[in-house]
Amino acid sequence: MPRYRNGTQPVPFPTPVTQPFWDGTKQHKLLLQKCSACAHVFYYARTHCPACLAKEFEWVEASGRGTLYSYTVCRRAQSPDFAEDTPYILAAVTLEEGPRMSSLLVDADPENVPIGGPVRVVWDDDVSADLAMPYFTPA
Amino acid sequence: MAHPIAPNSWHRNREGLGIWEGRGKVVATGVGTSPTARRWDERPETSLGALTIIAIRKAIEDAGISPDEIDGIVLTPESTTGVSNDPMSPAPEGFDQVFKMVDFPQAGITRGDIDWILLNMPELKNVEFKMNGPVCMSVALTTAAEAVSRGLTKTCLVVRGWHNLAGRYYVGQGAAALNTSSGPGKYGGIWGMPACATTAMIFEEYCNKYGKSHEMMAPFVVEERRNGLMNPDGFYTQHRPEMITVDDYLSGRWIAKPANIYDNDLPIQAALAVIFTTPELAAHHAQKPVYILNHAQTRPELQGVTPTLAEWEASSDKMGRMLYEGAGIGPEDLSFEQMYDGFTLFHQFHLEGLRFASRGEKRGYALDLYQTDISIEGPNPVSPSGGNSGNGRTRWWHHRDCILQLQGRSPSQIKRKAEYGVSGAHMPNFCDALIWGAGPD
């Protein structure tokens with residue numbers, strides 16, 4: 001599988017609440033929470049529904065498709081870990097299922113990134129033995 | 001010792017509250033500003049604490065009062081927004097020979113502390129009211145305004161200092177300096193988002209929605225540097241007295257495009273103290289009283305991990321409505337606008353929320369306004385202090401200058417008559433702001 005990053009990548013540290021999400025990434029599944037009470041679909045992982053506060057939910061697999069909500073092209077790394085990756089495109093993606101998530105836009109021209117354009121998830125397995133990182137690329 | 005913060009009941013964070021009960025009962029008089037520095041050189045006499053003492057003594061002198069008259073302090077303890085020393089990290093050698101120490105060694109170095117100030121300023125012997133205004137000078141100012149209006153303190157110092165140590169501001173400074181983002185910070189940093197990235201994304205969204213461009217920011221940023229260079233207390237005046245041009249701005253290196261180096265404010269060391277009192281007591285102060293006509297607060301109501309354009313616009317719109325309702329004025333009454341600018345790319349969200357210089361427009365007009373005369377000589381002075389962008393990161397230049405403008409003694413005094421001003425910080429959805437008036441009405 002492709003590796004999209006060059007630096008010493010910080011690895012996510014799953015918590016009990018986020019563990020199912022990161023477990024899903026290992027199988028290339030983008031998992032979201034769906035409220036059992038009101039059917040609201042949400043990301044990031046939480047203990048209760050942000051729409052109705054119900055505590056019952058199920059994990060559902062997202063299509064991995066969405067649209068680019070906004071972006072910024074990072075040319076000064078946030079930390080030395082990212083220095084070899086510049087320029088990289090930080091993206092806010094609106095998933096088909098509704099939630100919006102932060103990620104990187106990869107395999108894209110930093111000078112030509114269309115807001116509102118279709119994107120799809122791609123996976124970087126070369127991060128950790130326990131998880132993969134979900135990035136997005138123009139569809 | 002931990003001191004209390006303002007209870008929620010002091011917050012004016014919703015519409016329908018009517019005219020502020022404290023309107024016309026609180027004034028600002030004396031202002032004291034320390035020298036600035038890019039970073040701390042580890043000498044006790046240039047430390048955050050030393051600068052804070054300088055600022056307080058200058059404010060008292062500026063007001064022409066005795067230290068005996070000070071009976072309250074509201075202070076912002078946080079003195080950086082970056083990553084810095086643990087509070088229990090030892091002080092550099094010799095620091096305790098110059099200053100008396102409290103129960104944590106970083107007091108006066110990387111954290112402001114009321115008890116440390118009182119211990120090292122024996123002339124402040126009548127201080128009874130002590131309260132922290134966390135995170136931002138704007139919180140300290142609105143807290144002190146409520147405290148004076150409620151009669152809890154009659155003559156109150158409002159204080160905030162900033163430190164800046166060697167090292168990467170958001171990665172680690174001093175004892176916290178790291179070469180990587182390992183440790184607890186790594187989870188939040190998995191996407192490599194620099195501090196300005198969220199603002200850059202929302203600014204991109206703004207440009208996309210309203211058909212604007214980053215180039216349109218140039219007149220505003222250049223004007224801010226011009227205004228800042230009129231301020232003898234500003235960092236650039238004291239250390240880098242160089243004007244920038246539109247070409248400089250347009251060729252500035254990108255940090256997180258569309259945020260470039262000039263859209264990011266420069267961390268510095270500095271301290272400010274302001275004196276709040278009642279109109280009656282201000283009668284014998286040396287400086288003209290500036291009235292606080294209202295204050296208001298917004299706090300994030302995020303729908304996701306990061307805020308959106310819609311959320312920032314809704315929150316800053318609400319701030320505008322709350323401020324005008326409680327002050328009993330409207331946007332047409334403002335003589336100038338001084339909302340927060342560090343990062344420069346979110347200043348227009350504040351400005352548009354206030355409808356400053358609007359000709360009926362609600363949103364998407366600020367960058368067009370920047371192409372008109374927004375100078376101190378013009379009809380619509382925008383950020384006459386120069387803000388963080390023109391003076392260095394403090395989050396208080398614009399507050400300070402509201403007082404000076406309405407007293408008629410700002411180094412960048414606007415040419416039109418200064419009657420009402422507005423200042424606030426920090427984010428468009430996390431803001432404490434004040435309406436200031438030259439008179440009580």
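**Pocket, cysteines and sheet**

In chain B, strand 5 (167-168) and strand 12 (420-427) each give at least two residues to the lining of the largest pocket. This is a predicted model, in which local features need pLDDT of at least 70, side-chain atom pairs count only at pLDDT 80 or more, and totals for chains, interfaces and linings use all residues. Residues are numbered from 1 along each chain as its sequence is written, chains are lettered from A in the order written, and side-chain values use heavy atoms, without hydrogens and water. Strands are DSSP runs (E, at least two residues), numbered from the N terminus.

The largest pocket holds about 1,000 Å³ of space. Its lining counts 39 residues, and B:Tyr170, B:Asn264, B:Asp265, B:Pro267 and B:Arg393 are the closest to its centre. A pocket here is an open set of points on a 1 Å grid where a 1.4 Å probe fits, with protein on both sides within 12 Å along at least five of seven lines; lining residues have an atom within 4 Å of a point.

Now the cysteines. Over all chains there are zero disulfides (cysteine sulfur pairs within 2.5 Å). For A:Cys35, the nearest cysteine sulfur belongs to A:Cys52, 3.6 Å away.

Two strands pair if DSSP finds at least two bridges between them. Strand 2 (residues 72-76) of chain B runs parallel to strand 3 of chain B over four bridges.

Notes
Points joined across faces, edges and corners; volume = space filled by probe spheres on them.
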